[in-house]
Amino acid sequence: PILASAHERSCIRLWSIQGNLMKELLPFSEQPSGPLTALCTDIFTKILLTGSKEGYVIRWNIASFLEDSRNKKNKIKEELCWRAHATEVVDLFIEEEKNVVVTASIDGSVRLWHAVTGYYFGYFGQARKFELSDTSRLILPSDVKDFSAIIKVESQHMEKKKVIYPLTLDRDK
């Protein structure tokens, strides 16, 4: 078992049941996610989803880390980031059977997204039926302008290295 907490400075903390901090994560994506307001996992605790005050959803792969959290090679990977709402995400969950993420916002909208790609399927209350099998059409809600971004680099923050740059005069240059 593991506990996860989301914080105002965009970090996620993973805790053991004994109350020990196991890992602290910060989003790696280019989009400023802002304070985190919601989080959930899939039923097998392989995927962690976070929602933010700015309307972003971030998908993290935590499976290898949870298998053996002491092994430094097992990292948590930020896989996907997309703008789900123009305002704060207040709740979200993943429906694994249909591979769908459902998000809710303070603007009163509830939207459906493809869990792997972040493609928009529609919103609750729309006139047309949801077409969950077609992920090739790139459509967006009217208030969102950014497509989902697949994170291609590993989500690890650079450690500060102490570098010494001695000042020397080179008369030839």
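## Cysteines, cores and bridges

Cys-11 is buried, at a relative accessible area of 0% (buried means under 20%, exposed over 50% and partly exposed in between, using a 1.4 Å probe and protein chains only). Cys-81 is buried too, at 0% relative accessibility. The model is predicted, so local features need pLDDT of at least 70 and side-chain atom pairs count only at pLDDT 80 or more, while totals for chains, interfaces and linings use all residues. Residues are numbered from 1 along each chain as its sequence is written, and side-chain values use heavy atoms, with hydrogens and water left out.

- How many disulfides does the structure hold? The count is zero, going by pairs of cysteine sulfur atoms within 2.5 Å.
- As a reminder, a disulfide is a covalent bond between the sulfur atoms of two cysteines.

**Salt bridges**

- Searching the whole structure turns up two salt bridges (a side-chain nitrogen of Lys or Arg within 4 Å of a carboxyl oxygen of Asp or Glu).
- One of them joins Glu-24 to Arg-13, with the closest N and O atoms 2.6 Å apart. Glu-24 sits in strand 3 (residues 21-25) and Arg-13 in strand 2 (residues 12-16), so the pair ties together parts that are eleven residues apart in sequence. Strands here are DSSP runs of E with at least two residues, helices are H or I runs of at least four, and both are numbered from the N terminus.
- Glu-24 itself is partly exposed, at 35% relative accessibility.
- Glu-79 forms a salt bridge with Arg-59, and here the closest N and O atoms are 2.7 Å apart. This pair links distant parts of the chain, 20 residues apart: Glu-79 is in strand 7 (residues 77-83) and Arg-59 in strand 6 (residues 56-61).

**Nonpolar cores**

- The largest nonpolar core has 15 residues (a core being buried Ala, Val, Leu, Ile, Met, Phe, Trp, Tyr and Cys residues joined through side-chain atoms within 4.5 Å). Leu-49, Trp-82, Leu-92, Val-101 and Trp-113 have the most contacts inside this core.
- Strand 4 (36-41), strand 5 (47-52), strand 7 and strand 8 (89-95) each supply at least two of its residues. Which strand gives the most to this core? That's strand 8, with three residues.
- Setting aside residues up to four places away in sequence, Leu-49 touches Ala-38, Leu-39, Cys-40, Val-57, Ile-58, Arg-59, Leu-92, Ile-94 and Val-101 (contact means heavy atoms within 4.5 Å).
- There's also a second, separate core of twelve residues, including Leu-48, Tyr-56, Ile-58 and Trp-60.
- Thr-50 lies in strand 5 and is buried, at 1% relative accessibility. Beyond its neighbours within four places in sequence, Thr-50 contacts Ile-12, Leu-36, Ala-38, Leu-39, Tyr-56, Val-57, Ile-58, Trp-60 and Leu-92.

**Aromatic pairs**

- The tally is two aromatic pairs (rings of Phe, Tyr and Trp, the last by its six-membered ring, with centres within 6.5 Å; planes under 30 degrees apart are stacked, over 60 edge-to-face and the rest tilted).
- Trp-82 and Trp-113 make a tilted pair, 6.0 Å centre to centre with 45° between the planes. That pair links distant parts of the chain: Trp-82 is in strand 7 and Trp-113 in strand 10 (residues 110-114), 31 residues apart. Trp-82 and Trp-113 are both buried.
- Why does the pair of Trp-113 and Tyr-120 count as tilted? The ring centres are 5.0 Å apart and the planes sit at 55°, so the pair gets that label. Trp-113 and Tyr-120 are both buried.
- Put together, Trp-82, Trp-113 and Tyr-120 form one aromatic cluster.

- Across residues 82-113, the end C-alpha atoms lie 10 Å apart, and the span is 0% helix and 59% strand.
- Val-110 lies in strand 10 and is partly exposed, at 29% relative accessibility.
- The C-alpha atoms of Val-110 and Gly-122 are separated by 8.8 Å, with the two residues twelve apart along the chain.
- Leaving out neighbours within four places in sequence, Val-110 contacts Val-102, Thr-103, Ala-104, Tyr-123 and Phe-124.
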